Amino acid sequence: MSGHDHDHHHDHDHSELSETELRVRALETVLTEKGYVDPAALDLLIETYEKKVGPRNGARVVAKAWADPAYRARLLKDATPAIGELGYAGRQGEHIVALENTPARHNMVVCTLCSCYPWPVLGLPPVWYKAAPYRSRAVADPRGVLTDFGVTLPKDTEIRVWDSTAEIRYLVLPMRPAGTEGWSEKKLAELVTRDSMIGTGLAKRPEDLA
Amino acid sequence: MNGGQDLGGTHGHGQVAPEPNEPVFHAEWEKRAFALTLAMARPGGWNIDMGRFARENRPPQEYLSMSYYELWFYALEAMLKERDLVDDDEIVVGHALHPPKPVKQTLSPGDVAQVLYRGGPTERATDTTAKFKTGDRVRAKNINPVTHTRLPRYVRGRVGTIERVIGCHVFPDSNATGAGENPQWLYTVRFDGPELWGDGSDPSVKVSVDAWEPYLEPA
């Protein structure tokens, strides 16, 4: 992605473009000409969230918590500095709380009012997280939502839903799968899916990696 | 506002449809709309709560039929126009037609990493004391402001338990209207499923919201 793309865009046949695409291009040109934005800064913002910040960050956090009991304790006590130890911090992750899944309690995170999501550890949210089906049902029928994700939990497991209505961002610490004793943090991280850190999924099992 | 954004507990939206191997963005324009929104916050002079209100402040049928980045983009347009930073005629022709207004600060490429890393913490120092403590029973007030609020309808009037006293945080209801940060104590309030969804609903479900003190009264 480079700033040169902008000139290239204008060579396209505009009839192929939607009204919104045209308006976005037009607005970027206007804002650039007025000196309000620098397209190179826009490119960097995009590159950051396409290439650098994503659920692999969160997977490192979870894997370290699985492997290192002292880190796990720090993470559950005050997640923001614990996550900061791995270099992850900032926008949409200024105040993070880690939620520990146990056999007795499964945590699930939603933002019914918009799309609040812990960017430094999970990146930008997927479309379904921002869309009406998830936002409407996660608080009223979380077991039904889990079924949409192919997850069924025992009836007596408490389903604890966290609606992110303020600037606190929630990261689920999924249960460590059996059969992973002695695994390195790097190998453990391969088991940690994005959905397992939102609470709409579980961590992979060792046999899933084959 | 009781708008299309307040979705908790509403029906008819269908199943959740996860997309396997979903890309971060689905079109080039989404990338640019996202980045423009982030980059314009400082020169535009608005805060996150004003941005959220600009996205939700439209007829519910529009809100529900637009994609998320469409909501972002048209909110950006609206905020720019409100502040006379851009005019409609400029968007139509795709070029600046009027002189720029002076702005506080723009985002340079060299600042991007630091600005993102710093973020925008919302906790504020206070000399006030929290009214509630962990374990207290509280009722979410029945409020219906036409302006921005972060108290979803599905908890209004319902009784829950203070699970955690979070700290004193910027109050969105004030911050969104330009009335200032007006920091207030913030709590995690946990509700039993049947309190929210009625007798016969799944008793194993518990739902929490993070609620500022002005949203709550003792129960």
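1. Ground rules. This is a predicted model, in which local features need pLDDT of at least 70, side-chain atom pairs count only at pLDDT 80 or more, and totals for chains, interfaces and linings use all residues. Residues are numbered from 1 along each chain as its sequence is written, chains are lettered from A in the order in which they are written, and side-chain values use heavy atoms, with hydrogens and water left out.

2. Extent of the A–B contact. Chain A gives 80 residues and chain B gives 91 residues. Contact here means heavy atoms within 4.5 Å. The two chains bury about 7,300 Å² between them, with 62% of it on carbon and sulfur atoms. Buried area is the accessible area (1.4 Å probe) that two parts lose on being put together, summed over both. On the chain A side, R23(A), Y36(A) and L113(A) lose the most area to chain B, together 10% of what that side buries.

3. Nine salt bridges join chain A and chain B. A salt bridge is a side-chain nitrogen of Lys or Arg within 4 Å of a carboxyl oxygen of Asp or Glu. K34(A) makes one with E90(B), and their closest N and O atoms are 2.9 Å apart.

4. Who supplies the chain A side? Helix α2 (residues 19–33) of chain A gives the largest share, 12 residues. Helices (H or I, at least four residues) and strands (E, at least two) are DSSP runs, numbered from the N terminus.

5. Strand β3 (residues 158–163) of chain A pairs with strand β4 (residues 205–212) of chain B, in the parallel sense, over five bridges. Pairing requires at least two DSSP bridges between the strands. V161(A) stands opposite V207(B).

6. Domains of chain B. Chain B splits into domain 1 (28–118) and domain 2 (137–218), with bounds from an automatic or database domain assignment. Their centres, taken over C-alpha atoms, are 29 Å apart. Six residues of domain 1 and nine residues of domain 2 are in contact. The area buried between these domains is about 600 Å², and carbon and sulfur atoms give 50%.
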